[in-house]
Every structure is written in structure tokens, then in C-alpha cells.
Amino acid sequence: MERTRAEVDATLQTAKLDAAELLPAAHCLRFGPAAAGDVCLLELEPALCGRLQAGRSLVIRGDKDEQAVLCSEDKTYDLKVADTSNMLLFIPGCKIPEQLKMEETHCNIIHTEIFGFSNNYWELRRCRPKLKKLKKLLMENTYEGPDSEKEKDSSHLKYTTEDLLDQIQASEEEIMTQLQVLNACEIGGMLAVPLAIRCISSSFTGIGKYTWTPSLCFAAGYWRILEFDYEMKLLNHITQLVDSESWSFSKVPLNTCLQELGPLEPEEMIEHCLKCYGKKYTEEGEAYFELSADKICRATAQMLLQNAVKFNLAEFQEVWQQSVPEGMTTRLDQLKGLALVDRQSRPEIIFLLKAEDLPEGDQERFNSLFSLREKWTEEDIAPYIQDLCGEKQTIGALLTKYARSSMQNGVKVYNSRRPIS
């Protein structure tokens with residue numbers, strides 16, 4: 001039975017509502033036979049909504065033991081269920097008051113059927129991509145060179161871009177950026193094989209006559225992290241060549257490098273190493289690399305520190321300077337986020353502490369740092385929490401939230417807000 005205008009007016013009178021203060025049109029709702037409460041609502045910001053309307057995709061990622069995240073092409077969002085005390089109704093074709101005001105309406109009745117309902121909805125909160133798993137997966141099978149015994153064993157796990165997109169809770173752009181940070185290399189992706197002919201046009205001049213063309217298929221490459229010793233071996237080949245040829249580190253010719261070092265290592269690996277430690281540019285049609293002294297000094301320090309629990313600082317600085325190529329100058333600020341100096345010990349010491357190996361969560365990260373050292377200066381702790389800063393968040397704001405400050409010998413230091421076991 002559908003309500004009449006008289007019944008609607010009677011209801012307004014019972015509710016003591018003045019019809020003159022309301023829009024003349026009235027929606028009469030009823031649950032349809034197919035109405036269900038198993039529909040999910042997702043609240044989107046305008047930019048994400050525009051992506052969907054433009055035909056792009058949003059992807060939900062996460063294993064069974066992980067909190068689900070939603071990813072666009074370049075951002076990652078936490079998915080949270082938000083409950084509401086008001087029942088949310090799905091009404092196809094429902095007109096909101098702003099739409100009714102724009103129309104010439106009389107005291108008409110609009111009979112509307114409810115398609116579904118829900119007491120909650122999914123809301124999105126921008127979050128940091130969960131990238132620690134990316135390094136963990138790639139470190140399971142590092143690349144030690146084409147002649148390594150591991151390369152002859154097909155049982156070792158390898159990951160394509162699609163594999164990583166399936167397993168890492170981050171957007172594609174964030175994953176690709178992190179692969180660059182890790183100096184990962186895509187190996188085996190440039191092998192082309194002929195395919196059977198393929199239809200490229202459905203136009204025809206007769207029944208069954210189509211336009212065909214030969215095609216090529218490129219094998220999917222596997223993302224690999226170079227074993228550090230192998231990476232340093234490549235870098236050593238390059239720096240020795242630069243020295244023997246008396247080149248400037250700011251102008252290393254790519255083609256000559258590949259010709260000279262090609263008999264020693266694959267050309268792809270030589271070029272990859274140049275990309276990791278330098279910046280490519282072109283001059284008069286020739287490709288050159290400008291090698292970064294800071295990156296080479298940092299890698300050399302890691303090589304020296306990785307096999308030592310602790311290193312006398314003065315001795316380390318002397319050995320470090322002797323180990324880098326001639327003309328490069330070592331500085332402790334090149335080691336931010338890689339090594340930590342303890343100036344309270346006698347003698348002063350330095351040891352390896354890589355930011356990328358610390359826990360991913362905010363509280364877990366601070367717990368780890370404060371269990372290592374009770375009090376930190378902002379200068380010392382900043383490289384180890386910089387990546388925790390979200391949009392418009394500062395290191396100072398993080399320290400205020402997770403640490404308390406005090407003065408020690410005229411220097412501001414920070415210690416944990418909670419007991420560390």
C-alpha cells in the first residue's frame with residue numbers, strides 16, 4: 001500500500017511539524033524484497049573518487065595476517081571500519097534537497113524503494129607504505145653474479161613486479177621508488193622471443209581475412225638485490241678503471257667503461273652499479289656518469305663496519321680515509337642512518353646501525369632506539385626516525401609524542417616516555 005498525501009500530512013501534524021517549513025515533495029520509503037544488509041560502503045576523498053570515475057583502479061592489498069590497506073597508483077591508505085548510530089540506506093535515484101530545490105515541484109509524493117542498508121562504512125586514512133617486507137623478500141635470494149652456484153639452482157625464490165604488487169602493502173609507485181632505494185636490479189627481463197602472429201585489426205576485406213603482424217614478447221624480469229660483497233666488487237672495478245685512465249669522477253664515459261669491464265662482469269651489472277653510485281648525463285651525444293663521492297664513501301664505511309661489532313672511532317676514520325679512492329674526503333655526516341657514534345665511551349667508538357633494519361611501527365621504532373641508548377640528541381636520532389614522519393609531520397612532533405626532553409650538560413636530550421624492558 002502506497003501512502004497518500006493526506007496520510008503524509010497527518011503524519012506531519014502528529015509529529016508537530018509545520019509543512020510550510022519543509023519542501024513540498026515527500027519521500028515515502030519502503031524496503032524492497034531484495035533489500036539486504038550485506039552491502040559495504042567506502043568513503044572516498046574527491047581525488048580518489050575522481051580516479052574511479054576516470055576508469056582507474058583502486059586495489060586492496062594484504063595477507064590474512066595483515067591489516068588490509070587500499071592502494072591507488074601512488075598512495076597507500078589504511079582501511080578502518082567506522083560504525084554509525086544512524087542506519088545508512090541505499091536508495092537508487094534518490095534526490096537530495098538541493099536537487100529538489102532546483103526543480104519545480106508540487107506537493108507530490110515520491111515513492112522510493114530501499115535497495116540495501118548498513119550500520120557502518122569503510123573510511124580511509126593515509127598511511128606510510130609497508131615496505132619492510134619488500135627487502136625481506138629480496139634478501140632471501142641476493143644476486144652474487146652470473147657464475148654463482150645459486151644462479152644454477154632454480155629452487156631459490158625470485159619475484160617479478162607482479163609478484164611484489166601481490167605481496168607488498170604499498171602502491172606501485174611507492175614500491176618502485178623503494179626498489180631504487182634498495183639498489184635493486186631487474187634481471188632477466190630483456191630477453192625477447194618471437195611469438196605467433198597476432199591480430200591487430202578487426203577490419204577485413206573478406207570473410208575470415210584479418211590483418212596480422214609478427215610480435216615480440218619480453219620475458220618478465222626478476223627483482224634482485226645485489227649481494228653487498230658483489231656490489232663492492234663491481235664498484236671496485238669501476239673506481240680502479242677511473243684511476244688507471246685518470247678520468248674525473250664527474251665524467252666517467254659509459255661506453256668505454258662497458259668495453260673495458262665487459263670481459264670481467266656483465267655489462268648490465270656494470271651499468272647498474274654506475275646508476276647506483278652516480279648520475280647519468282649526456283654530452284655531445286655521449287653518455288657519462290657523475291659518480292657521487294658521498295655514496296662511495298658511505299659504501300666503503302659499510303664494508304669496513306659490517307664485520308666489526310664496534311670500531312675505535314679514531315682508528316676507523318683513519319682506515320676509512322685510506323680505503324676510499326684518491327681525491328675523495330670522508331666525513332661522519334655521510335653515515336647518517338648507517339652508523340652511530342658513541343662519544344660517551346672511552347675511547348669513542350662507532351658501530352653499524354642501519355635505519356632500514358629498525359622496526360616499521362612508530363612505537364616499536366622508538367622502543368628499539370631507547371633500548372639501545374637511554375638518551376639521544378635530536379641530531380643523533382633524527383636519521384633513524386625521519387622516515388616515520390607523515391605528511392606535514394615534523395621530527396619535533398614525533399619526539400614530543402614518543403619522548404620527553406631534558407637538559408644534560410647544556411644539551412637537550414630525549415628519553416622514552418614509557419619504561420623500556
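A residue counts as buried when its relative accessible area is under 20%. I begin with that cut-off since the presentation will return to it. Good morning. The structure shown above is a predicted model.

Let me start with strands. Strand β11, residues 278-283, pairs with strand β12 in the antiparallel sense, and 6 bridges join them. At one point of this pairing, Glu-283 stands opposite Glu-286 in β12. The two strands form a hairpin with 2 residues between them, and there Glu-284 takes a positive phi near 55 degrees. Strand β12, residues 286-291, has a further antiparallel pairing with strand β10, residues 252-253, over 2 bridges. Here Val-252 stands opposite Phe-289 in β12.

I turn now to aromatic rings. How many aromatic pairs does a search of the whole structure find? The search finds 8. One of them joins Tyr-281 and Tyr-288: the ring centres are 5.8 Å apart and the planes lie at 25 degrees, so this pair is stacked. Are these two tyrosines buried or exposed? Tyr-288 has a relative accessibility of 15% and therefore counts as buried. Tyr-281, with a relative accessible area of 25%, is partly exposed.

Please compare Phe-311 and Phe-316. Their ring centres are 5.5 Å apart, but the planes meet at 65 degrees, so the pair is edge-to-face. Both Phe-311 and Phe-316 are buried. Together with Trp-320, these two residues belong to a cluster linked by ring pairs.

The charged end of Arg-373 sits over the ring of Trp-376, at 4.9 Å from the ring centre. Likewise, the charged end of Lys-158 sits over the ring of Tyr-222, at 5.8 Å from the ring centre.

Lys-158 leads us to my last topic, for this residue also lines the largest cavity. The structure holds 1 cavity of 30 Å³ or more, and the space in the largest cavity is about 40 Å³. Which residues line it? The lining consists of Leu-137, Leu-138, Asn-141, Leu-157, Lys-158, Tyr-159, Trp-223, Arg-224 and Ile-225. Helix α4, residues 132-139, and strand β9, residues 222-225, each supply at least two of the lining residues. Strand β9 gives the most, with 3 residues. By class, the lining has 6 nonpolar, 1 polar and 2 charged residues.

To close, I would ask you to find the stacked pair of Tyr-281 and Tyr-288 in the model, and then the ring of Tyr-222 with the charged end of Lys-158 over it. Thank you.

Definitions and conventions
Residues are numbered from 1 along each chain as its sequence is written. This is a predicted model: local features need pLDDT of at least 70, side-chain atom pairs count only at pLDDT 80 or more; totals for chains, interfaces and linings use all residues. Side-chain values use heavy atoms; hydrogens and water are left out. Two strands pair if DSSP finds at least two bridges between them. Helices (H or I, at least four residues) and strands (E, at least two) are DSSP runs, numbered from the N terminus. On a 1 Å grid over the protein atoms alone, a cavity is a set of points where a 1.4 Å probe fits but cannot get out, and a pocket is an open set with protein on both sides within 12 Å along at least five of seven lines; lining residues have an atom within 4 Å of a point. Grid points are joined across faces, edges and corners, and a volume is the space filled by probe spheres set on the points. Ala, Val, Leu, Ile, Met, Phe, Trp, Tyr, Cys and Pro count as nonpolar, Asp, Glu, Lys and Arg as charged, and the others, Gly among them, as polar. Rings of Phe, Tyr and Trp (its six-membered ring) pair if their centres lie within 6.5 Å; planes under 30 degrees apart count as stacked, over 60 as edge-to-face and the rest as tilted. Buried means under 20% relative accessible area, exposed over 50%, partly exposed in between (1.4 Å probe, protein chains only). A charge sits over a ring if NZ of Lys or CZ of Arg is within 6 Å of the ring centre and within 35 degrees of the ring normal.
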